[in-house]
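Subject: Handing over a structure, with notes

Dear colleague,

I am passing on the structure below, and I would be glad if you could look it over before reading the notes that follow it.

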Amino acid sequence: MEIHLWCIVAAWLVVYGTKLPVAAAMHRAGGYDNHLPRAQQARLEGWGARSVAAHQNSFENFAPFAAAVLVAHLAGGPERVVDLLAVSFVVARIIYVICYLADWALLRSGVWTVGFLVTFALFLTTLL
C-alpha cells in the first residue's frame with residue numbers, strides 16, 4: 001500500500017490519540033464521567049479545555065485530508081508528491097496537537113495553516 005494511503009490511517013490515529021489527554025484531564029477533574037462525558041468536557045479549563053479543542057479540531061481536519069488523499073490517489077497525482085504532502089500533513093497535525101497542549105497559540109495557528117494548505121495542495125496534484 002502506498003505511503004499516502006497509510007497516512008490516512010496515521011491521521012485517523014492522531015484523531016483518536018488526542019482523546020488520551022482529554023481522558024486524563026477528565027480524570028484529574030474528579031474522575032471520568034462516562035454518563036455525561038461531553039458535559040464534563042465542557043467544564044474543563046486550561047490544559048483540559050485545550051485538549052478537548054485539539055481533539056475536536058483533529059476530527060474536523062481528518063475528513064478533508066482523507067478525501068484529498070483519495071482524490072489525489074484516484075486521479076493519479078504524482079505518487080512522490082502525494083506521499084510527501086500526506087506525510088507533511090500527519091507531521092503538521094502531531095505538531096499542532098503538541099502546540100495546542102503547550103498553549104503555543106501563534107505557532108499552533110501557523111501549523112494549522114500548513115495542514116490546511118497541504119490538504120488544498122493534495123487536491124491540486126490532480127492537475128499535475
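In these notes Ala, Val, Leu, Ile, Met, Phe, Trp, Tyr, Cys and Pro count as nonpolar, Asp, Glu, Lys and Arg as charged, and the others, Gly among them, as polar. This is a predicted model, in which local features need pLDDT of at least 70 and side-chain atom pairs count only at pLDDT 80 or more, while totals for chains, interfaces and linings use all residues. Residues are numbered from 1 along each chain as its sequence is written, and side-chain values use heavy atoms, with hydrogens and water left out.

The protein has six helices and zero strands, and along the sequence its pattern reads α-α-α-α-α-α; helices (H or I, at least four residues) and strands (E, at least two) are DSSP runs, numbered from the N terminus. The C-alpha trace spans about 55 × 30 × 20 Å along its principal axes.

I turn to the helix contacts, where axes are lines fitted to C-alpha atoms, for helices over the stretch in contact, and angles run from 0 to 180 degrees between N-to-C directions. Helix α5 (residues 79-102) packs with helix α6 (residues 105-124) at an angle of about 160°, their axes being 9 Å apart. That angle makes α5 roughly antiparallel to α6, since angles over 145 degrees count as roughly antiparallel, those under 35 as roughly parallel, those from 65 to 115 as roughly perpendicular and the rest as oblique. The crossing of α5 and α6 is left-handed, a term used if the near helix is turned anticlockwise from the far one by less than a right angle, with right-handed used if clockwise. Contact means heavy atoms within 4.5 Å, and the residues of α5 that meet α6 include F89, R93 and Y96, while those on the α6 side include W112, V118 and L122. By class, this contact of α5 with α6 has 16 nonpolar, three polar and two charged residues.

Helix α6 also meets α4, and here the axes come within 8 Å and cross at roughly 25°, which makes α4 roughly parallel to α6. This crossing, too, is left-handed, as α4 passes α6. N57, N61, P64, F65, A67, A68, V69, V71 and A72 in α4 meet W112, T119, L122 and F123 in α6, and the residues of this contact divide into 10 nonpolar, three polar and no charged.

The axes of α1 and α5 likewise come within 8 Å, crossing at roughly 15°, and these two helices are therefore roughly parallel to each other. Helix α1 passes α5 in a left-handed crossing, with I3, H4, C7, A10, A11 and V14 of α1 in the contact and, among the residues of α5, E79, D83, F89 and R93. The contact of α1 with α5 divides into 12 nonpolar, one polar and three charged residues.

What space is left within the structure? On a 1 Å grid over the protein atoms alone, a cavity is a set of points where a 1.4 Å probe fits but cannot get out, and a pocket is an open set with protein on both sides within 12 Å along at least five of seven lines; lining residues have an atom within 4 Å of a point. Grid points are joined across faces, edges and corners, and a volume is the space filled by probe spheres set on the points. A search of the whole structure finds one cavity of 30 Å³ or more, and the largest cavity has a volume of about 50 Å³. Its lining consists of A11, V14, V15, S58, N61, F62, F89 and R93, and the elements that give two or more residues to that lining are α1 (3-17), α4 and α5. By class, the lining of the largest cavity has five nonpolar, two polar and one charged residue.

The largest pocket holds about 170 Å³ of space, and K19, P37, R38, Q41, A42, V52, H55 and Q56 line it.

With best wishes
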